[in-house]
Amino acid sequence: MKEDLIGAAHADATATAPSGPVTDKKPGGGNVIPFQRYNEFGSRWPVPGEAEILVVPLGGLGRIGMNWTLYGHAGAWILVDAGISFPDEGHEGVDAIVPDPGFLAPIQDRLLGLVITHAHEDHIGAIDRLWPHALNAPIWATPFALGMISRRLAEQDTLDAVTLNRFDVGSSFSIGPFAIETVRLTHSVPEPVALAVTTTAGTVLHTGDWKFDPEPMIGQPTDFDKLRRIGDAGVLAMLCDSTNAHKDLPVTSEGQVRQAFQKLFATRKGQIAICCFATNVARVASAAVAAVGAGRKVALAGRSMRNSEAVARSLGLLEGVPEFLSEPSHLRGLDRKEVAMICTGGQGEERAALARLARGDRRFPSFGAGDTVVISARVIPGNEEAVDKVVSQLRARGVEVLMGHELMGGMPLHVSGHPGANELRELYALVRPRFALPVHGTEMHLTAHARLARAAGCEAALVTEEAELIRLSPAGARVMGRVDAPLLHLQSDENGDRVPYRPQIALA
Ligand SMILES: [Zn+2]
Ligand SMILES: [Zn+2]
């Protein structure tokens, strides 16, 4: 314990085994310790000891987005994911929100790496904006995530200045005192992995985003055997996705969405555009296969769509999916029943392809009566107004607009990539962690998840806040204090392009 510099005055309290209510931040009940406040940019960062794992969730709690989690052990730190959050209303011109990397400066030389769970913006979106000028720890990612990150860094001309390490799904590697096993999951992007981080103080399972998709269309279903094996070996704590923790959901899969698309193309005679997230390669493949099967030509619209396609093709993830037309404008002049487009913009983004299509941009085929647009996504809270605007414009042109919650031939046009309460219970039964730290959700989601974790047999479930410092050890799990972690509001340029952040003082 002598390495534990969190504060000697509190050292004795840390040994108290947690008990008590589900969502109590200080599970010691009567042993509530005063919060230690780590000074802004200060020298008070604790040096993690060998008998503990320190966890600092810098984002993703009480909000959706900006997933960053620091793990500290035996004098070293690693970061899991570095995503962005999208601004609320009232932040005009702000393109992304990230933790201010300046506050990590005191531990910069002990930050040994960044490990990525999957290629979604809320997990990787900060990298090209902050690396290498504001942070420069080496990065570990799967081939698909690494491909997406590399393209972004190349656009900023910083690819050569960042150290990138590639790991395959299911492989293991070590970073300093952290032994990391990766576990194949399913989500709404290729190659999502959970990370089992093992130290001499125990194992933490960091799930990232996941669901149990029996038919993911790209990649294999979840590696249940490995999750059980990791559970058998003993898991001290699990940090797990809370997005849908408040409700039971039916088992859904990308395979069902493919059937819905096939039904759609079989029953519509006009032009069809399917709008989904560019990184949902399985969804893009399903739309393409269904369209080509119905005798249509397919074009992709949107730069992120073409980036994602290029990475997926280079890795062989789109085998069996024919090449797309190089430009949506090449669809013009075809018979309407031969036209299919796959595009971005399902969140109503003004500059994205769907909004341009709705405005009648000449680069796209002209959509009107008899044509169909499917928004194969969930509208993220906060984007409803923007989506309504685009949908109204399309409907005013006579276009039939189908939303993600609608069914086609009894099959869903969109499925969530996150686990419902029933899938969470299944995961807890496999992993059996002693402590639960729900992440990736608003307070309502985190609280529902904590309750579920306790009912599933966890000794304690901690609902924590961003920037709180949690100490995990065989002796217990406890919130020790918080670090002052200011946020940066980043703006894009007038073309909507991302602008990297350069701190006043560059790194040595
Ligand atoms: Zn996420
Ligand atoms: Zn995700």
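A donor is an N, O or S atom within 2.8 Å of the metal. By that rule, aspartate 209 bridges the zinc ion (ligand 1) and the zinc ion (ligand 2), which lie 3.4 Å apart. The model is predicted. The chain has 508 residues, and 58% of them count as buried. Its secondary structure comes to 12 helices and 25 strands.

**Zinc ion (ligand 1)**

- Asp122 (OD), His123 (NE2), Asp209 (OD) and His440 (NE2) coordinate the zinc ion (ligand 1), at 2.1 to 2.2 Å.
- The 4 donor atoms subtend angles of 89 to 163° around the zinc ion (ligand 1), so the arrangement is irregular.
- Along the sequence, the donor residues of the zinc ion (ligand 1) follow the spacing D-H-x85-D-x230-H.
- Aspartate 122 sits in helix H2 (residues 121-124), and histidine 440 in the loop between strand E21 (435-439) and helix H12 (443-455), so this pair ties together parts that are 318 residues apart in sequence.
- Aspartate 122 has a relative accessible area of 14% and is buried, because buried means under 20%.
- Histidine 440 also counts as buried, at 5% relative accessibility.

**Zinc ion (ligand 2)**

- The zinc ion (ligand 2) is held by His118 (NE2), His120 (ND1), His187 (NE2) and Asp209 (OD), at 2.2 to 2.3 Å.
- Angles of 89 to 163° between the 4 donor atoms make the arrangement around the zinc ion (ligand 2) irregular.
- The donor spacing for the zinc ion (ligand 2) reads H-x1-H-x66-H-x21-D along the chain.
- Histidine 187 counts as buried at 5% relative accessibility.
- Aspartate 209, the residue that coordinates both ions, is buried with a relative accessible area of 2%.

**Nonpolar cores**

- In soluble globular proteins, nonpolar side chains tend to be buried together.
- Here the largest nonpolar core has 79 residues.
- The residues with the most contacts inside this core are Trp68, Leu70, Ile116, Ile127, Trp131 and Ile342.
- Helix H7 (residues 281-293) gives the most to the core, with 8 residues.
- The core draws at least three residues from each of domain 1 (4-11 + 23-249 + 417-491) and domain 2 (254-412).
- Leaving aside neighbours within four places in sequence, tryptophan 131 is in contact with Leu79, Ala82, Leu114, Ala126, Asn136, Ala137, Ile139, Leu153, Thr158 and Val162.
- A second, separate core of 58 residues includes Ala196, Leu236, Met238 and Cys240.

**Cysteines**

- The disulfide count is 0.
- A disulfide needs a pair of cysteine sulfur atoms within 2.5 Å.
- The sulfur of cysteine 343 is 4.0 Å from the closest cysteine sulfur, in cysteine 275, so the two are too far apart for a bond.
- Cysteine 343 is buried, with a relative accessible area of 0%.
- For cysteine 276, the closest cysteine sulfur is also in cysteine 275, but 7.0 Å away, which is too far for a bond.
- Cysteine 276 counts as buried, at 4% relative accessibility.

- Among contacts in the chain with a separation of 6 or more, 75% join residues 24 or more positions apart.
- Threonine 372 lies in strand E17 (residues 372-375) and is buried, with a relative accessible area of 1%.
- Not counting residues up to four places away in sequence, threonine 372 touches Leu264, Arg268, Gln271, Ile272, Ala273, Phe367, Val399, Glu400 and Leu402.
- Glutamate 327 is in the loop between helix H8 (303-314) and strand E16 (339-343).
- Glutamate 327 is partly exposed, with a relative accessible area of 37%.
- From glutamate 327 to arginine 363 is 36 residues in sequence and 8.2 Å in space, C-alpha to C-alpha.

Note on methods. Residues are numbered from 1 along each chain as its sequence is written. Chains are lettered from A and ligands numbered from 1 in the order in which they are written. This is a predicted model: local features need pLDDT of at least 70, side-chain atom pairs count only at pLDDT 80 or more; totals for chains, interfaces and linings use all residues. Side-chain values use heavy atoms; hydrogens and water are left out. Donors are N, O and S atoms within 2.8 Å of the metal (3.2 Å for Na, K and Ca); water is not among the atoms, so sites may look incomplete. Four donors count as tetrahedral if all angles lie between 85 and 135 degrees; four count as square planar and six as octahedral if opposite donors are over 155 degrees apart and all others between 65 and 115; anything else is irregular. Buried means under 20% relative accessible area, exposed over 50%, partly exposed in between (1.4 Å probe, protein chains only). A nonpolar core is a set of buried Ala, Val, Leu, Ile, Met, Phe, Trp, Tyr and Cys residues joined through side-chain atoms within 4.5 Å. Helices (H or I, at least four residues) and strands (E, at least two) are DSSP runs, numbered from the N terminus. Domain bounds come from an automatic or database domain assignment. Contact means heavy atoms within 4.5 Å.
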